[in-house]
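The following paragraphs lead from the overall fold to individual residues. Please keep the sequence and the coordinates in view while reading.

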Amino acid sequence: IMFQSFSTINGWNYYEMLFLYGFSLIALTPMQCLFDNNWSLRNYVYEGDFIKYCFRPINIFFYYISEVFDVKGLGQLLMGGITLVYAWNKLCLPFNWSSILLLFIAFLSASLFMIAIMNIAAASCFWIINSGFVMVTMFKFTNYAKFPASIYDGFFRFIFSFIIPIAFIAYYPSLIFLRPTEIPILTYLSPVLGILFFYISYKIWMKGASKYSGTGN
């Protein structure tokens, strides 16, 4: 609908925007499928049921997260895959073994950022009462991941790159394929930063879990 009124958005055409949209859907899939139990964490904490995860000789984070697999994420994966393939063909992007490898690394890096954001948002329930708004707010920010960060002014580009790093979910990884002559340093650093950010989110989650003592007396 937007592109019926104008041909580009700050230099990004219709098929490039579709590429970002499809890429972001695929990057969100691991979080949707494997980490969906984060949405229920605050209920377990407030109702006291989280205490059961503290008594088993197994990593609490793995134990809790692995209980749920959300099949709805597979529909998201299918939609994202169809959109990405369609945009890829329309843009006449090269498809070979190197591009497949780069695409895999890009997806993995982007997924780590999304998972980390939601890990931190979910862990807020260990310190904040009625923290559901934190999860909802952070998830809504993912809508901005479907647009190139270059359309925002400097302030929001900084926020979306270093505070709430949603620009790493689609924009920075996609530049490898869409702007191969204009790749910024943050694109090259995406895999390392993704692993680091995920590790930080894991430590925050575990820190909150270690402070949990139940709701009884």
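**From overall fold to single residues**

Among contacts in the protein between residues at least 6 apart in sequence, 74% join residues at least 24 apart. The model from which this value was computed is a predicted one.

The secondary structure consists of nine helices and two strands. Along the sequence these elements follow the order β-β-α-α-α-α-α-α-α-α-α. The radius of gyration is 19 Å, close to the 17 Å that the globule rule gives for 217 residues, so the protein is as compact as a globular protein of that length. Taken along the principal axes, the C-alpha atoms fill a box of roughly 65 × 35 × 35 Å.

The division between interior and surface comes next. Of the 217 residues in the protein, 47% are buried.

The structure holds 37 aromatic pairs. One of them joins Phe 50 and Trp 205: the ring centres are 6.1 Å apart and the planes stand at 65°, so this pair is edge-to-face, an arrangement that requires planes over 60 degrees apart. The two partners come from distant parts of the chain, with Phe 50 in the loop between helix H2 (41-47) and helix H3 (60-65) and Trp 205 in helix H9 (residues 185-211), 155 residues apart. Both Phe 50 and Trp 205 are buried.

A further pair is formed by Phe 61 and Tyr 202. Their ring centres lie 5.4 Å apart with planes at 85°, so this pair is edge-to-face. Phe 61 belongs to helix H3 and Tyr 202 to helix H9, so the pair ties together parts that are 141 residues apart in sequence. Phe 61 has a relative accessible area of 7% and is therefore buried, the cut-off being under 20%.

Ser 109 lies in helix H5 and is buried, with a relative accessible area of 4%. Neighbours within four places in sequence being left aside, Ser 109 is in contact with Ser 190, Pro 191 and Gly 194. The range of helix H9 is residues 185-211.

Beyond its neighbours within four places in sequence, Asp 70 is in contact with Gln 32, Cys 33 and Asp 36. The C-alpha atoms of Asp 70 and Asp 36 are 6.4 Å apart in space, while the two residues are 34 apart in sequence.

Phe 158, in helix H7 (residues 154-163), has a relative accessible area of 45% and is partly exposed. From Phe 158 to Asn 143 the C-alpha to C-alpha distance is 17 Å, with a separation of 15 residues in sequence.

The backbone deserves attention at two loop positions. Most residues other than glycine have a negative phi. Cys 92, which is not a glycine, has a positive phi of about 55°. Cys 92 is placed in the loop between helix H4 (72-90) and helix H5 (97-123), and with a relative accessible area of 65% Cys 92 is exposed. Asn 130 likewise has a positive phi, near 55°, in a residue other than glycine. Asn 130 is found in the loop between H5 and helix H6 (132-141). Is Asn 130 buried or exposed? Its relative accessible area is 59%, and Asn 130 is therefore exposed, the cut-off being over 50%.

Key. Residues are numbered from 1 along each chain as its sequence is written. This is a predicted model: local features need pLDDT of at least 70, side-chain atom pairs count only at pLDDT 80 or more; totals for chains, interfaces and linings use all residues. Side-chain values use heavy atoms; hydrogens and water are left out. Helices (H or I, at least four residues) and strands (E, at least two) are DSSP runs, numbered from the N terminus. The radius of gyration is taken over C-alpha atoms; the globule rule is 2.2 Å times the number of residues to the power 0.38. Buried means under 20% relative accessible area, exposed over 50%, partly exposed in between (1.4 Å probe, protein chains only). Contact means heavy atoms within 4.5 Å. Rings of Phe, Tyr and Trp (its six-membered ring) pair if their centres lie within 6.5 Å; planes under 30 degrees apart count as stacked, over 60 as edge-to-face and the rest as tilted.
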